Amino acid sequence: MRVFNCDHCGHLVFFDSVQCVHCGSTLAFLPDALTMAALAPAPQDGAGLWRRMGGRGTAQYSGRLYRLCHNHIEHQACNFAVPANDYAEYCVSCRQTRVLPDLSETANRGRWMQIEAAKRRLFYTLARLGLEPAPGRPGPVFEFLADLPGGPSIMTGHHSGTITLNVAEADDDERARRRIALGEPYRTLIGHLRHESGHFYWDQLVRDGGRLEAFRSVFGDESQDYAAALDAHYAKGNDVGDWAERHVSAYAAAHPWEDWAETWAHYLHMIDLLETSASYGTEITVPGIYGAQRSSALDPFAKPAPDFDTMLLQLVPLTLLLNSLTRSLGQPDAYPFALAGEALEKLRFVHDMVREEANRPTVPPVPALATVTATIAPVPAPSPSSAPVAAVNAVPAAPTPASKPNIKKNSKQANKDLR
Ligand SMILES: [Zn+2]
Ligand SMILES: [Zn+2]
Ligand SMILES: [Zn+2]
């Protein structure tokens with residue numbers, strides 16, 4: 001994620017900022033402009049409206065009108081703005097959330113806010129890649145659920161356009177416990193959301209995008225029994241065997257769908273790391289006995305955009321520096337991955353596909369984004385234009401049979417944490 005500057009005073013601000021610490025301006029992220037901006041109240045233009053301030057004398061100084069996302073007004077849980085001509089109460093990110101845990105429980109409220117913050121980061125990167133929800137291009141919808149006493153464990157996973165996340169993943173201790181139990185070096189909220197979005201975009205861009213044969217030639221045959229493949233993977237142990245020669249992670253070796261989702265998530269990690277380092281103007285020199293290697297980070301969203309090989313050349317020294325810095329502070333490696341040949345070709349496949357999609361005009365609108373399943377009640381019917389966040393005490397979904405090819409969660413696997 002790049003860093004931003006307050007567009008009123010120029011001070012450094014961040015994607016999560018809500019106020020400029022230098023000039024005191026209210027800050028919000030403008031999804032229509034993909035930037036942070038300073039806003040001034042504009043009650044003369046309408047209740048709850050804010051005007052983009054910009055710098056005095058600049059083009060933005062008497063700028064567009066916005067409202068703050070309803071989740072900011074009600075919970076201080078979001079810093080996205082809504083353009084005044086968009087009649088939705090919730091911002092483009094929050095409106096994709098359809099089911100919440102019981103927010104009257106303080107712990108759930110904190111978990112939800114952390115998850116939404118990670119989801120806004122996912123929105124940003126997808127939007128920069130040209131994949132954000134738009135007319136004719138649906139995005140995933142989200143259900144954030146808590147385990148309830150006596151109920152089945154909530155499985156994190158994707159099913160038919162809906163991403164479900166067990167909110168316990170927002171608790172550091174629980175996430176660390178699962179990470180160790182499953183032999184994973186990396187487990188984060190943004191990692192989960194990126195992974196699950198990979199399943200969503202597989203349906204959209206691979207299965208429905210005419211790329212199935214190309215996918216199989218790189219990732220293998222995904223029509224093999226998913227539940228059996230996962231059973232076999234975990235029976236063997238997650239982190240065993242020679243997976244590192246072909247996959248970005250041990251879990252990716254479980255099934256071609258998981259290989260894809262892990263690779264997709266890794267591609268988003270890569271893009272975000274490069275964007276961050278480019279926004280700081282990072283130049284890295286890696287010392288070596290045959291001479292120093294110098295590298296300057298390029299913005300992956302620059303025009304023209306750097307090609308895949310160039311990005312990869314920049315990623316390697318960047319991750320060396322990153323891990324050296326975290327070790328300096330006694331922390332584990334921030335980037336606990338080492339990519340080999342076949343895994344890199346899979347990343348290249350994702351890159352080529354995303355670039356291809358970015359250059360494709362959007363198709364005419366299609367009907368519903370997704371429907372909330374009848375197994376969760378009570379949930380208001382989603383409205384594509386102003387989808388309300390359903391602040392309900394969520395009832396866990398009933399077990400979902402893993403009979404259809406695109407079902408990627410399985411209630412029988414509760415102790416194995418399928419995703
Ligand atoms: Zn400022
Ligand atoms: Zn919002
Ligand atoms: Zn998965």
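Helices here are DSSP runs of H or I with at least four residues, strands are runs of E with at least two, and both are numbered from the N terminus. This is a predicted model, in which local features need pLDDT of at least 70 and side-chain atom pairs count only at pLDDT 80 or more, while totals for chains, interfaces and linings use all residues. Residues are numbered from 1 along each chain as its sequence is written, and chains are lettered from A and ligands numbered from 1 in the order in which they are written.

The end C-alpha atoms of helix 7 are 34 Å apart, which agrees with the 34 Å that its 24 residues should span at 1.5 Å a residue, the expected span being 1.5 Å times one less than the number of residues. After helix 7 comes Gly281, with a positive phi near 60°.

Turning to helix 8, residues 308-328, we have 21 residues reaching 30 Å from the first C-alpha to the last, close to the expected 30 Å. Which elements do the buried residues of helix 8 pack against? They pack against helix 7 (256-279), strand 12 and strand 13, with contact taken as C-beta atoms, placed from the backbone, within 7 Å. Met311, Gln314, Leu315, Leu318 and Thr319 are buried in helix 8, and just after this helix Gly330 takes a positive phi of about 75°.

Strand 12 (residues 283-286) and strand 13 (residues 293-296) run antiparallel and are joined by four bridges, two strands being paired if DSSP finds at least two bridges between them. Within this pair Ile284 stands opposite Ser295, and the hairpin has six residues between its strands, with Gly291 at a positive phi near 115°.

Elsewhere, there is an open sheet of five strands in the order 3-4-5-6-7, with antiparallel pairing. Strand 3 (26-30) and strand 7 (81-83) are at the edges with a single partner strand each, so one side of each has no neighbour in the sheet. Strand 6, residues 65-68, is joined to strand 7 by three bridges, and Tyr66 stands opposite Pro83.

Finally, Ala146 lies in the loop between strand 9 (141-145) and strand 10 (157-159), and is buried, with 20 other C-beta atoms within 10 Å. Its C-alpha is separated by 9.8 Å from that of Arg111, 35 residues apart along the chain.

Note on methods
A residue is buried if 20 or more other C-beta atoms lie within 10 Å of its own, exposed if 12 or fewer, and partly exposed in between; C-beta atoms are placed from the backbone. Two residues are in contact if their C-beta atoms, placed from the backbone, lie within 7 Å.
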